[in-house]
Amino acid sequence: MARRQSVPRLEFEAAAIYEYPEHLRPSLEALPSLPGVYVFLGESETLPLYIGKSVNLRSRILSHLRTPEEASLLRQSRRITWTRTAGEIGALLLEARLIKEQQPLFNKRLRRNRQLCSLLLKDAQPQVVYAKEIDFAHQSGLFGLFANRRAALQALQAIADENQLCYGLLGLETLTRGRGCFRSALKRCAGACCGKESLEAHQQRLMAALAKLQLTCWPWKGAIALKESSEEMTEYHIIHNWLWLGSVGSLAEAEALSRLPAGFDHDGYKILCKPLLSGEAEILDLTDRL
Ligand SMILES: [Zn+2]
């Protein structure tokens, strides 16, 4: 192994603690070098200033001095609290939920999920459909997740631009009977609207582009537990229809959670898709057990 010159950990920590505003230093003492979610609290005990997560709470919080915005956060903070999790997945889930519930001042504003939509093919044409109208956890043939209708149509337009698809055939603009679209004259549309290419070839390129965005239906009958362990603790994350219902320390506590109603959740989908489908995590199907 190559020898690296680095500042010894204790020296780094001492320097970092010294740079911290004095009134916050007592909060730093008991910080564990373990995964979890942390909260910077200001004057209000109920409205946090900032919520973050890390696989190493101690080094993450000590490194919170890098930008002027962070300096301002530290000045306004009175106290730092944290919640341990078994690992990164638990930290991501808890962070997303707390930020959504509490909307801290210093976190980037989160999209609201009320207009969450996707693209669904109807008669070979992509249509914008909404999560509040269709069950995104079980509807097959959905492509992409978008914050609103405009974002969905922009994504479709970008796909059309990249693949020389026809805005007219995609429903993005109205075609005049017997005439190619405006973009076909500019060679930006390959001409499926005016016989320069077949509708099948057009459809094939559309499907190939959309395939990259395809959503995965919830692959289990009901709720599952995703086991996450570290040397210090084990958590079972209870999940149904891509919604995180909560985490428990043992499967015996899972039953009540697993019976909660569960609709599709955007954050859950984003955080959990990879770990649940990679085959690397230990997953217990709760419908077989309860
Ligand atoms: Zn066209």
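Visitor: Cys 166, buried or exposed?
Guide: Cys 166 is buried, because its relative accessibility is 0% (buried is under 20% relative accessible area, exposed over 50%, partly exposed in between, with a 1.4 Å probe and protein chains only). This is a predicted model, where local features need pLDDT of at least 70 and side-chain atom pairs pLDDT 80 or more, while totals for chains, interfaces and linings use all residues. Residues are numbered from 1 along each chain as its sequence is written, and side-chain values use heavy atoms, without hydrogens or water.

Visitor: What is Cys 166 coordinating?
Guide: The zinc ion, through SG, together with the SG atoms of Cys 181, Cys 189 and Cys 193, at 2.3 to 2.4 Å. Donors are N, O and S atoms within 2.8 Å of the metal (3.2 Å for Na, K and Ca), and sites may look incomplete because water is not among the atoms.

Visitor: What arrangement do the four donor atoms make?
Guide: Tetrahedral, because the angles they subtend at the zinc ion are 106 to 113° (for four donors, all angles must lie between 85 and 135 degrees).

Visitor: And what spacing do the donors follow along the chain?
Guide: C-x14-C-x7-C-x3-C. Cys 166 sits in the loop between α6 (149-163) and α7 (182-185), and Cys 189 in the loop between α7 and α8, so this pair ties together parts 23 residues apart in sequence. Helices here are DSSP runs of H or I with at least four residues, strands are runs of E with at least two, and both are numbered from the N terminus.

Visitor: Cys 189, buried or exposed?
Guide: Buried, because its relative accessible area is 3%.

Visitor: You mentioned α8. What does it lie across?
Guide: Helix α8 (residues 199-211) lies across β4, β5 and β6, and runs at about 150° to β4. Axes are lines fitted to C-alpha atoms, for helices over the stretch in contact, and angles run from 0 to 180 degrees between N-to-C directions. Contact means heavy atoms within 4.5 Å.

Visitor: What order do those strands have?
Guide: β5-β4-β6, in an open sheet of three strands with antiparallel pairing (two strands pair if DSSP finds at least two bridges between them). The twist averages 30° from one strand to the next.

Visitor: How many bridges join β4 to β6?
Guide: Three, with β4 covering residues 117-122. In β6, Phe 143 is the bridge partner of Leu 119, and Leu 142 that of Leu 120.

Visitor: How many residues of β6 are buried?
Guide: Five of the five, so β6 is largely enclosed by the rest of the structure.

Visitor: Change of topic. What order does the sheet with β1 have?
Guide: β2-β1-β3, an open sheet of three strands with antiparallel pairing. Its twist averages 20° from one strand to the next. Six bridges join β1 (residues 36-41) to β3, and Val 37 stands opposite Thr 83 in β3. Helix α5 packs on this sheet, touching β1, β2 and β3, and its direction makes about 170° with that of β2.

Visitor: At what angle do α5 and α10 cross?
Guide: Roughly 175°, with the axes of α5 (residues 88-102) and α10 (residues 266-277) coming within 10 Å. That makes the two helices roughly antiparallel (over 145 degrees; under 35 is roughly parallel, 65 to 115 roughly perpendicular and the rest oblique). Among the residues making the contact are Leu 92 and Ala 96 of α5 and Ile 271 and Pro 275 of α10.

Notes. Four donors count as tetrahedral if all angles lie between 85 and 135 degrees; four count as square planar and six as octahedral if opposite donors are over 155 degrees apart and all others between 65 and 115; anything else is irregular.
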